[in-house]
Amino acid sequence: MAQALEVKQMSTEPSKNLVTIKGTKDGLTVLLDDQCSFDELIKELKEKMKKDKQVFGNGPEVEVKVDAGYRYLRSHQKEQIINLLEEAEPILVGEFHSKVITREQAEREKEEGGLTSVAKIVRSGQVLRIQGDVLLLGDVNPGGIIEATGNVYILGTLKGTARAGIEGSKNAVVCASVMAPHQISISDAIFYAPDRYEKKDRKPLFEEPVYAYIANEDVEISFEKARLLGQFLKKTAAQKENSLNT
Amino acid sequence: MGEAIVITSGKGGVGKTTTSANIGTALALQEKKVCLVDTDIGLRNLDVVMGLDNRIIYDLVDAAEGRCRVQQALIRDKRFDCLHLLPAAQTSDKSAVNAEQMKQIISELKPDYDYVIIDCPAGIEQGYKNAVSGADQAIVVTTPDIAAVRDADRIVGLLEQEDMSPPRLVVNRVRRTQEEDLLDVDDVVATLAIDLLGIIVDDEEVLKASHKGEPIVMNPNSQASLGYRNIARRILGESVPLMAIDQKKSLFAKVKSMLGLKV
């Protein structure tokens, strides 16, 4: 009974305000109610846009932010909302914000952001592929491949192939206690080991732990002592922040 | 109930068959009941190395397909009553047998013997899968050269996925003199990171013995023979120190080392 009453009240309530347009100092934000049904939301959005079309008129282009709160929107639903908003000529949807993500996405992000540690020997013919950073406790033997979307850290000897930033991250590094690789690649830059006849004594490339990275604006892979890795990571983190802010 | 040990290497020509024949014979010398199984269908050699190639009537494929009983296909060794050989077929190829049939044959053999030694073909295809399917343990044979070690590493990786105890290593054809540019036993062990079961020095006598159809282990004066005998004793659980490789020193160097001078 109470429910029915509520429904009646809701349907008769004229100013339900499922869609709120708020002006902040960063620009306009469209707040979408996250409790009503999607159809209701769309209906109200349509009405609002019809009314506000005149308000916006042919004014200068405005970028608006959309905030869907705790509503999960499928990609076609998102598109529908963006299309509705952009019907008003000057409006351009910049950011689409939602407080919820799917379980799959959350798991993926967790993997990508995290460090996976693996204790084994990556032998000839084996491929160890990790989302995010990887810490290998063991060796990578000649013919074995270790690859990660993030950084590769090896607490052991790298004698095979290591690929860091395989999805394009140029800031990724390959760090190994003993660096005697066949090949290293970071993003699309590749380092080939010196040919075997050049290093007859079969010693590693460096006397101490090093990391491989792409030096500034360079497509070539360079090496630096592992103790300076902290500085490098700080620097790249700062760069990332800057690029986000601008 | 015996144990089935597969002898494998990945690469061809490193001495799997020689190692199988000699480990088998060395275990027989210790009065163990041993059955050698050649799984290299189409390219059988174990019977030749053992000098039993003239006695084959039925083979592994006949046994697998039920044309004979497993016992009928076995050949008794001419030297030891406790050593038998199950030869591979020469007329078919690796696909003539599948892993299930192989498992069945090995499990039929195991109750009658202390050790079933399975000689694996080169490669990592069907023949390898068959040979490994019935085994409880594995011995990886390699020579100290870069290609053989690379393949052995691949095999160790594959064996680690099998339900068996970690494989053990035999380094075959170790040179007496160590050259700077070549791999030594320590390099091989460092790369593969598995237990070293033994080393066999490079010895021409091994080849000559194969020609005679008599495993080198029968000749007590050869260093290679001693290596195989030591491996057999280690398989039986004895703790035998790794033998020092005779460096074939010059007389002058020998005298010097006798006097305690640095060579």
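Modeller: With a helix: its expected span is 1.5 Å times one less than its number of residues, and helices are DSSP runs (H or I, at least four residues) numbered from the N terminus. This is a predicted model: local features need pLDDT of at least 70, side-chain atom pairs count only at pLDDT 80 or more, and totals for chains, interfaces and linings use all residues. Residues are numbered from 1 along each chain as its sequence is written, while chains are lettered from A and ligands numbered from 1 in the order in which they are written.

Colleague: What should helix α1 of chain B span?

Modeller: Its 14 residues (16–29) should span 20 Å, and this agrees with its end C-alpha atoms, which are 20 Å apart. After α1(B) comes Glu31(B), with a positive phi near 65°.

Colleague: How many residues of α1(B) are buried?

Modeller: A residue is buried if 20 or more other C-beta atoms, placed from the backbone, lie within 10 Å of its own. In α1(B) that holds for 14 of the 14 residues, so the helix is largely enclosed by the rest of the structure.

Colleague: Which residues have the most contacts inside the largest nonpolar core?

Modeller: A nonpolar core joins buried Ala, Val, Leu, Ile, Met, Phe, Trp, Tyr and Cys residues through C-beta atoms within 7 Å. The largest has 77 residues, with Leu60(B), Val116(B), Ile117(B) and Ile118(B) having the most contacts inside it. Helix α7(B) gives the largest share of this core, seven residues.

Colleague: Where is the pLDDT of chain A below 50?

Modeller: pLDDT is the predictor's confidence in each residue, from 0 to 100. Chain A has a mean of 83, but residues 7–14 of chain A are below 50. Where pLDDT is low, the predicted coordinates should not be read in detail.

Conventions:
Contact = placed C-beta atoms within 7 Å. Helix = DSSP H or I, 4+ residues; strand = E, 2+ residues; numbered from the N terminus. Buried ≥ 20, exposed ≤ 12 C-beta atoms within 10 Å, placed from the backbone.
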